[in-house]
Amino acid sequence: MNSTVVTQATEIVLPGKVEASGLRMRTRDLPAPAAGRVTLRMDATGVSFAEQQMRRGKYYDQPPFPFVPGYDVVGTVTAVGPQVDPALVGRRFAAVTKIGGWASSLQLDAADLVPVPDGVPAAEAETVVVNGITAWQMLYRSAKVPAGATIVVLGANGGVGSTLVQLARHAGMTVIGTASPRHHDTVRELGAIPVDYRDPDMYRRIRELAPDGVHAVFDHVGGAGLKDSWKLLRRGGTLVSYGTAATKDEDGNSQLPVLKSFARLILWNLLPNGKGARFYNFWAGKRRLSTFRARLREDLTQVLRLLADGTLTAQVAAEYPLADAGAALALAESRTVAGKVVIVP
């Protein structure tokens with residue numbers, strides 16, 4: 001495509017702290033991409049927990065309103081700037097954007113693009129971009145779980161949870177997954193043992209299933225329950241905390257719950273019981289950008305390969321057109337679906 005061509009982009013804007021129905025739509029012209037950058041036509045983006053937090057102004061270090069949300073994207077390159085290989089045009093890539101994905105076209109650094117294998121539909125690839133990287137890195141980089149281990153995944157029907165279950169089962173691990181009863185069949189199909197997360201005796205039930213303790217617990221809930229997750233570990237086990245969903249509906253400082261969890265994990269790490277606690281932050285190490293990008297590309301490439309060969313099954317909860325992004329966000333927030341709500345052009 002001629003690099004002087006102007007692309008018209010339709011964008012969904014989060015104007016401030018609004019209900020899901022309060023999103024706005026705008027159209028603007030994207031100039032030709034600058035050096036090292038590309039224009040990407042969105043083929044699929046999605047709703048992450050991050051956007052649900054951003055809507056409330058609760059996401060750790062989100063930009064000031066108004067902005068275009070959209071944590072990750074799968075799309076086709078339509079134009080390249082100087083110093084970018086023109087052969088990229090017409091090829092499909094995935095990228096993690098943090099914001100900006102909810103648009104018909106967007107511009108980003110060519111260095112952030114990860115190739116999507118041929119034959120993998122865009123909506124399916126979208127389900128494993130941020131979720132797949134998060135699950136892979138927590139399992140293999142944070143917790144370093146050995147094959148044959150037993151792990152607990154809280155929210156095993158969610159976007160990250162369902163991917164984590166599948167990766168762990170592929171590695172021969174036993175997985176205990178929490179979910180509401182209506183999602184237990186899904187959790188079983190993924191290969192995990194389901195436990196009702198609303199059951200007041202949930203932790204006792206997990207201990208009955210794994211009396212010797214577990215090798216790892218992946219906890220996106222945070223809050224008071226973190227202590228119970230820690231107690232499930234065997235010696236040498238690791239707790240990976242990767243969110244504070246317990247406080248998602250509370251007003252107030254978005255950083256406080258994260259800092260509280262972080263402080264608690266640091267203290268636990270100092271205890272002489274051989275157990276470890278980690279707070280997983282997707283953006284850790286971003287200051288060393290080339291290393292961060294290389295690690296992200298390596299991990300996402302592995303996950304996309306597993307998706308392409310059928311080891312991973314994409315958990316697409318629903319597909320909505322970009323114009324209905326508000327309805328997509330509302331459905332994701334309703335917590336009634338398993339997998340990821342995907343937005344398509």
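1. The side chains of Asp61 and Lys98 form a salt bridge, with an N to O distance of 3.1 Å. Asp61 is in the loop between helix H1 (49–55) and strand E4 (72–80), while Lys98 is in the loop between strand E5 (92–96) and strand E6 (105–109), so the contact ties together parts 37 residues apart in sequence. With a relative accessible area of 46%, Asp61 is partly exposed. Please keep in mind that this is a predicted model.

2. Asp112 and Arg293 also meet through their side chains in a salt bridge, at 2.7 Å from N to O. Asp112 belongs to the loop between E6 and strand E7 (114–115) and Arg293 to helix H9, so this pair joins parts that are 181 residues apart in sequence. Asp112 is partly exposed, at 23% relative accessible area. Arg293 counts as buried because its relative accessibility is 18% and the limit for buried is under 20%.

3. Helix H9, which holds Arg293, covers residues 289–308. For a distance check on Arg293, take Thr39, which is 254 residues away along the chain; the two C-alpha atoms are separated by 19 Å.

4. How many salt bridges does the model contain? The count is 16. One of them joins the side chains of Glu11 and Arg28, at 2.9 Å from N to O. Glu11 is in strand E1 (residues 7–13) and Arg28 in strand E2 (residues 24–30), so the bridge ties together parts 17 residues apart in sequence. Glu11 is buried, with 4% relative accessibility, whereas Arg28 is partly exposed at 38%.

5. On the aromatic side, the structure has 8 aromatic pairs. Phe65 and Phe67 make a stacked pair, with 5.7 Å between the ring centres and 15° between the planes. It is called stacked because the planes are under 30 degrees apart. The two partners fall into separate accessibility classes: Phe65 is partly exposed at 29% relative accessibility, and Phe67 is buried at 6%.

6. Phe282 and Trp283 form an edge-to-face pair, 5.0 Å centre to centre with 65° between the planes. Here the angle is over 60 degrees, so the edge-to-face label applies. Both Phe282 and Trp283 are buried. Ring pairs also link these two residues with Tyr59, Tyr71 and Phe292 into a cluster.

7. A charge-over-ring contact involves Lys275 and Trp230. The charged end of Lys275 sits over the Trp230 ring, 4.8 Å from the ring centre.

8. Which residues form a nonpolar patch on the surface? They are Phe262, Ile266, Leu267 and Leu270, and together they have about 430 Å² of accessible area. Leu267 is located in helix H8 (residues 256–269). Leu267 is classed as exposed, since its relative accessible area is 56% and the class starts over 50%.

9. Is Met138 buried or exposed? Met138 is buried, at 0% relative accessible area. Its place is in helix H3 (residues 130–142). Met138 and Leu164 are 26 residues apart in sequence, and their C-alpha atoms are 8.6 Å apart in space.

10. The protein has 10 helices and 15 strands, and buried residues account for 53% of its 345 residues. A compact globule with 345 residues would have a radius of gyration near 20 Å, and the protein's 20 Å agrees with that. The C-alpha trace spans about 65 × 40 × 40 Å along its principal axes.

Methods. Residues are numbered from 1 along each chain as its sequence is written. This is a predicted model: local features need pLDDT of at least 70, side-chain atom pairs count only at pLDDT 80 or more; totals for chains, interfaces and linings use all residues. Side-chain values use heavy atoms; hydrogens and water are left out. Rings of Phe, Tyr and Trp (its six-membered ring) pair if their centres lie within 6.5 Å; planes under 30 degrees apart count as stacked, over 60 as edge-to-face and the rest as tilted. Buried means under 20% relative accessible area, exposed over 50%, partly exposed in between (1.4 Å probe, protein chains only). A charge sits over a ring if NZ of Lys or CZ of Arg is within 6 Å of the ring centre and within 35 degrees of the ring normal. Patches are made of residues with over 30% relative accessible area and no salt bridge: like charges are joined within 9 Å, nonpolar side chains (Val, Leu, Ile, Met, Phe, Trp, Tyr) within 5 Å. Accessible areas come from the Shrake-Rupley method with a 1.4 Å probe; for residues, only the protein chains shown count as cover. A salt bridge is a side-chain nitrogen of Lys or Arg within 4 Å of a carboxyl oxygen of Asp or Glu. Helices (H or I, at least four residues) and strands (E, at least two) are DSSP runs, numbered from the N terminus. The radius of gyration is taken over C-alpha atoms; the globule rule is 2.2 Å times the number of residues to the power 0.38.
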